[in-house]
Amino acid sequence: KPRGKLGVHFFSEAQLLEFHNWLLAERGNSSRTAATRFRQMKTLWYWASTSAEYAEEVPRFINVEVPLFQPPPRRLSPTWAQLDTILSRMMNARPTKRKVASYRAAFVMRMTGLRATQACALNWEDISLDDGTLYIRGDIGKSSLERRGRLIPISPHLVSEAATWGRREGRLVGCNLKYPTLHSAIYRHIERTADESLKELLAGQSLHCFRRAFTSELVGRGAKRFAVEILLGRSTGVGGDIYTDPRFVWDTLEDTVAMVTPYGAASDSSLDKRRLKIGP
């Protein structure tokens with residue numbers, strides 16, 4: 001457990017399987033993450049059982065099979081209109097430093113599809129309001145591709161909104177905002193909304209739902225998938241990978257971000273007429 005001390009009694013087949021189940025049921029990890037942690041602990045057990053320092057204390061190593069990986073359930077994406085409902089509540093809340101920062105981070109995620117941790121870590125020097133571009137620094141990148149740093153065009157709606165955010169120094173959102181604080185702020189407004197369908201849709205989801213909405217809305221509006229993947233900083237093998245230089249498709253990227261609707265202008269009417277079925 002967090003901040004706990006690992007004892008040698010942990011190294012047994014029963015304890016490892018119990019640890020795996022605890023990660024799934026209590027910690028809320030995905031089956032992929034639980035399997036990774038399981039392999040890490042098994043590797044630690046093997047190292048300890050073969051080291052000169054711990055070999056006599058640690059039980060004999062048993063090559064416990066990793067439980068079968070169960071793919072995570074397919075999650076439906078919120079729409080931009082639904083995210084705008086959340087943003088509206090955040091914008092109208094009593095302003096405090098943290099609440100304002102949370103609103104700004106949510107707005108950036110809605111307009112760019114950035115990860116929550118990246119939106120919180122952006123500095124004013126990373127955004128150019130004159131050129132309409134955003135630089136995602138390598139130190140806040142997740143993938144090997146992102147850790148090289150990347151420059152992307154951004155929606156003019158984000159440019160005009162950011163231009164009203166006052167003093168342009170330090171963090172773009174206004175203060176040092178952490179993921180747990182942002183998550184709590186956003187889901188507090190979700191719980192208080194009268195939209196029961198929105199509550200049900202986002203129950204148990206992470207802030208990755210903003211990223212899913214960005215992808216789904218743009219692709220649904222006819223954006224080229226490879227352009228969306230480049231904007232997201234993902235490597236897919238269909239054009240938005242390490243071999244595609246964004247400079248060669250910059251016009252396409254600008255056309256893609258131009259499809260991002262202004263805050264409050266998105267509509268769910270087209271989705272209401274569709275019957276969506278997930279899975280077989």
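**Salt bridges, sheet and surface**

Let me begin with R167 and E169, whose side chains form a salt bridge with an N to O distance of 3.4 Å. Please keep in mind that this is a predicted model. R167 has a relative accessible area of 66% and is therefore exposed.

In total, nine salt bridges are counted. A further one joins E196 and K199, where the closest N and O atoms are 3.4 Å apart. These two residues are three apart in helix α8, residues 196-202, so about one helical turn separates E196 from K199. E196 is exposed, at 51% relative accessible area, whereas K199, at 24%, is partly exposed.

I now turn to E146. Which residue does E146 form a salt bridge with? The partner is R115, and the closest N and O atoms of the pair are 2.7 Å apart. E146 sits in the loop between β2 and β3, while R115 sits in the loop between α4 (97-112) and α5 (116-121); the pair therefore ties together parts that are 31 residues apart in sequence.

Are these two partners buried or exposed? The cut-off for buried is under 20% relative accessible area. E146 has a relative accessibility of 0% and so counts as buried. R115, at 15%, also counts as buried. The pair is moreover part of a network of salt bridges that links R115, E146 and R150.

Between β2, residues 133-136, and β3, the antiparallel pairing runs over four bridges. Within the sheet, T133 stands opposite P153 of β3.

Next, the surface. L44, W47 and Y54 make up a nonpolar patch there, and together they have about 270 Å² of accessible area. Of these residues, Y54 belongs to the loop between α2 (31-50) and α3 (80-92). Y54 has a relative accessible area of 31% and is thus partly exposed.

Finally, I would draw your attention to P180, located in helix α7, residues 179-192. P180 is exposed, with 53% relative accessible area. Although P180 and A116 are 64 residues apart in sequence, their C-alpha atoms are 9.9 Å apart in space.

Thank you for your attention.

Definitions and conventions: Residues are numbered from 1 along each chain as its sequence is written. This is a predicted model: local features need pLDDT of at least 70, side-chain atom pairs count only at pLDDT 80 or more; totals for chains, interfaces and linings use all residues. Side-chain values use heavy atoms; hydrogens and water are left out. Patches are made of residues with over 30% relative accessible area and no salt bridge: like charges are joined within 9 Å, nonpolar side chains (Val, Leu, Ile, Met, Phe, Trp, Tyr) within 5 Å. Accessible areas come from the Shrake-Rupley method with a 1.4 Å probe; for residues, only the protein chains shown count as cover. A salt bridge is a side-chain nitrogen of Lys or Arg within 4 Å of a carboxyl oxygen of Asp or Glu. Buried means under 20% relative accessible area, exposed over 50%, partly exposed in between (1.4 Å probe, protein chains only). Two strands pair if DSSP finds at least two bridges between them.
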